[in-house]
Each structure stands twice: as C-alpha cells, then as structure tokens.
Amino acid sequence: MSDIIQVYGRGAPVRGQIGPYPFGEAIGVVWRNIVGPSRNNPANVQFIPKSITLNDIEPELTLGVGGDVMMMFGRKLQFGDCIKDFFAPCDAILLNMEGVITDHPKKGPDQKHDPQIIDSLTTLFDPKRTYLSLANNHSGDFGMDECYRSQRMFEQAGFHSFGLRQTPYIDIHPALRVVTGTQWSNHPCHDLAWLDESPEQYRRHDAFNLLFPHWAYEMECYPRQTSVAQMQQWLRQFDGVIGHHAHVPQPITSYQTQDQRQQLAAYSLGDFCFGLGFKNRPILKHYPYGIVARLQIGRLKSNPALWAVGCCDWSFTESESPPDRSIFLTKLASSVIYFKFT
C-alpha cells in the first residue's frame with residue numbers, strides 16, 4: 001500500500017471537507033479556475049518529444065489512450081478526422097469515463113451524460129476495442145444504481161468497462177493488463193476501485209502492467225513534489241503509469257529504471273472533451289485541452305523477460321464549438337497555451 005497517496009470520498013465526509021477535497025484544496029481549485037491553472041513546476045518535469053522510441057522492443061500491440069470524457073451539456077460530441085487517424089493503427093483505446101448516463105437531475109458539479117455519448121464514442125473507434133475506466137470522482141454522483149445502469153448501457157453497445165470495486169483491472173490483450181483506481185469521489189462511495197488499496201496486488205505475471213490512476217490535483221499544469229514521489233513509487237511496481245483528473249494536460253515524460261528501461265509516466269492527459277469548454281469564457285476557457293498518446297508495447301529485445309513501451313507518439317488535443325454551440329469538435333492541436341513546448 002502506498003504511504004504517500006491519501007483518498008477522499010470513500011466514506012462520509014470529514015470535518016472541513018468540501019466535496020471530495022480538504023478545505024484548503026477546495027479553495028485552491030476555485031482560485032485556479034478563476035485566475036487560470038498553476039504553472040509552477042517544482043520538480044522541473046519536462047515533456048518527452050512528440051514522437052520517440054523509448055526502448056528497443058518486439059511490439060505485441062499498439063494502445064491508444066485519452067483523458068477525461070466529460071459531460072457535454074446536451075451538445076453533440078464529434079471528432080476530427082485527424083484524431084480518428086491518430087487512433088486508427090491501435091489495437092485498442094483506453095479512456096476515462098467521467099460521470100454516468102442518467103435522467104436524474106444534475107446538482108452542482110455532478111457529471112451526467114445523454115445516451116448520445118454512446119453514439120459519439122462509436123464514431124471515434126470500434127466499441128469492441130474501446131475500454132472505459134469508471135474509477136473517478138464522478139461515477140458515484142447519482143448513486144451506484146445509476147452507475148451500474150449506465151455501465152450496462154455502455155456494455156450493451158459493445159464497450160468494455162472497469163474500475164468498480166469488483167473490477168479494479170482489465171486484460172486488454174494477453175500482453176497487457178490495465179489496473180485503475182481513484183483518489184477522489186465527490187460523493188461517499190465504497191464501490192469504486194481506490195488507489196490506497198494496493199493496486200500493485202493486481203499485477204499479472206508475464207505481461208505489461210499499466211496503472212491508469214485518477215489522482216492528484218485539478219487545474220495544475222505540472223505535478224507537485226508529492227505527486228512526483230508517488231509516480232516514482234508506482235513505477236517501481238508497474239511498467240508504466242498514465243494518469244488523469246487535472247482537467248489540463250500535464251507532462252508526458254519518462255524515467256530510467258535500474259534495469260535501463262525508459263518507463264512512460266504521464267501525469268495527466270487532461271480533458272478529452274467537455275461541453276462547457278469555451279475558449280472565450282473567463283473560467284471555462286481552461287477546459288478544452290488534453291493529450292492523446294499511442295504506445296507500442298512489447299518485450300525488450302535485450303531482455304525478453306521485461307516489458308516496455310517502444311515507440312510513443314503523442315499530441316495535444318483541443319475541443320472547439322461553432323458559433324451556434326450545438327456541437328463540440330475534438331481534434332489534434334500542435335500546442336496548448338500553457339506550455340512553451342511545440
């Protein structure tokens with residue numbers, strides 16, 4: 001079990017807690033939404049190049065990964081051909097599904113989807129090869145009955161889902177296991193996979209083990225020192241880590257291990273889509289941005305007992321709306337305003 005990460009929202013809120021956060025963190029989230037995301041980089045974490053070979057491997061599969069699928073507020077989600085082409089070579093894609101499909105009324109920051117989100121995601125990639133993590137702070141917004149009902153709707157459409165207490169991991173391929181968990185829940189919820197419950201116990205022998213955590217802090221462009229320490233601890237237990245929750249992109253980088261592998265470490269992929277991410281609104285303008293990545297996974301040629309990422313390609317993404325604001329289009333982007341990286 002990690003001695004660094006703390007979870008919030010599994011049980012009844014503690015004194016001084018606002019939503020899923022301790023009081024000070026909650027105030028910080030509000031402030032950063034007003035003035036813009038923090039650009040402090042205390043650990044000097046840097047992006048890897050947008051196309052790089054991290055290790056010399058025998059590829060066994062190609063995995064595509066995106067960030068948070070957020071509420072669309074009745075607007076239709078569409079995808080540019082560029083992002084479809086980016087994922088086309090993949091054997092499977094992995095996304096974080098924030099919120100649930102429900103008719104229940106939304107309150108405050110609750111995240112809910114219309115059934116048309118299923119049709120939209122179907123246009124992006126084959127549902128039978130699309131994997132949705134439900135381990136996040138919004139899956140319990142409307143109670144677990146609605147969460148399970150929404151899960152059944154996705155699975156009836158062909159999508160795969162995981163991230164609840166009984167499904168903390170999923171085998172996407174004989175060569176790949178993905179383990180997930182959340183640090184946060186906006187509503188008390190015992191039925192999620194939680195990150196303090198030793199996610200490393202679900203590692204599978206003779207496979208690439210990827211951790212896909214919902215963690216850390218919103219509206220921060222770079223990880224805190226504590227998050228870097230947690231990442232390094234996880235990388236001693238997993239072959240790679242790709243995180244989400246910050247609602248803005250954070251660096252996708254790599255660290256060298258003692259066995260000379262370069263391990264992929266993505267702190268946050270930001271928002272894959274969000275139906276209120278208007279670039280000309282003072283507060284909402286921070287939400288249209290994310291990252292997508294495409295990874296080759298296989299055994300090291302120099303040591304076939306070890307698994308690693310070979311070629312890694314990634315891109316920023318952005319969502320934009322036409323003047324009538326009836327749709328949002330998610331597409332690749334060459335840059336994001338918060339980073340000098342191009």
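**Helix 4**

I began with the length of helix 4. Its 13 residues should span 18 Å at 1.5 Å a residue, and the end C-alpha atoms are 18 Å apart, which agrees. The expected span is 1.5 Å times one less than the number of residues. Helices here are DSSP runs of H or I with at least four residues, strands are runs of E with at least two, and both are numbered from the N terminus.

I noted that this is a predicted model, where local features need pLDDT of at least 70, side-chain atom pairs count only at pLDDT 80 or more, and totals for chains, interfaces and linings use all residues. Residues are numbered from 1 along each chain as its sequence is written, and side-chain values use heavy atoms, with hydrogens and water left out.

Which residues of helix 4 are buried? I found Met144, Glu146, Cys147, Ser150, Gln151 and Phe154. They cover an arc of only 155° around the axis, which puts them on the same side of helix 4. The arc is taken from the directions from the helix axis to the C-beta atoms. Buried means under 20% relative accessible area, exposed means over 50%, and partly exposed is in between (1.4 Å probe, protein chains only). Asp145 and Gln156 are exposed on the face turned away from the buried side.

I then looked at what covers the buried residues of helix 4. The cover includes strand 6 (92-97), strand 7 (100-101), helix 3 (116-124), strand 9 (130-133) and strand 10 (160-162). Contact means heavy atoms within 4.5 Å. Gly158 follows helix 4 and has a positive phi, near 105°.

**The cavity**

I searched the whole structure for cavities of 30 Å³ or more and got 1. On a 1 Å grid over the protein atoms alone, a cavity is a set of points where a 1.4 Å probe fits but cannot get out; a pocket is an open set with protein on both sides within 12 Å along at least five of seven lines; lining residues have an atom within 4 Å of a point. Grid points are joined across faces, edges and corners, and a volume is the space filled by probe spheres set on the points.

The largest cavity holds about 30 Å³ of space. Its lining is Met97, Gly99, Val100, Leu134, Ser139, Cys147, Ser150 and Gln151. Helix 4 (residues 144-156) gives the largest share, 3 residues. I sorted the lining by class: 4 nonpolar, 4 polar and no charged residues. Ala, Val, Leu, Ile, Met, Phe, Trp, Tyr, Cys and Pro count as nonpolar, Asp, Glu, Lys and Arg as charged, and the others, Gly among them, as polar.

I moved to the largest pocket, with a volume of about 560 Å³. It is lined by 28 residues, and Pro109, His138, Asn186, Glu218 and Tyr287 lie nearest its centre. The lining divides into 15 nonpolar, 9 polar and 4 charged residues. Helix 1 (residues 23-35) gives the largest share, 5 residues.

That sent me to helix 1. Its buried residues are Glu25, Ala26, Gly28, Val29, Arg32 and Asn33. Seen down the axis, they fall within an arc of 160°, so they line one face of helix 1. Gly24 and Trp31 are exposed on the other side. The buried residues pack against strand 1 (17-18) and strand 2 (21-22). Gly36 follows helix 1, with a positive phi near 110°.

**The second largest pocket and helix 5**

The second largest pocket has a volume of about 340 Å³. Of the 21 residues that line it, Leu235, Arg236, Phe238, Arg261 and Gln263 are the closest to its centre. Helix 5 (225-235) and strand 15 (252-256) are the elements that give two or more residues to this lining. By class I have 7 nonpolar, 8 polar and 6 charged residues.

In helix 5, I listed Ser227, Val228, Gln230, Met231, Gln233, Trp234 and Leu235 as buried. What covers them includes strand 13, strand 14 (240-242), strand 15 and strand 16 (262-266).

Where is Pro199? It sits in the loop between strand 12 (176-182) and strand 13 (208-214). At 4% relative accessibility, Pro199 counts as buried. Not counting residues up to four places away in sequence, Pro199 touches Val179, Leu211, Trp234 and Phe238.

Asn44 lies in the loop between helix 1 and strand 3 (51-53). Its phi is positive, near 55°, in a residue other than glycine. Asn44 is exposed, with a relative accessible area of 54%.

His245 is in the loop between strand 14 and strand 15. Its phi is positive too, near 130°. Is His245 buried or exposed? At 0% relative accessibility, His245 counts as buried.
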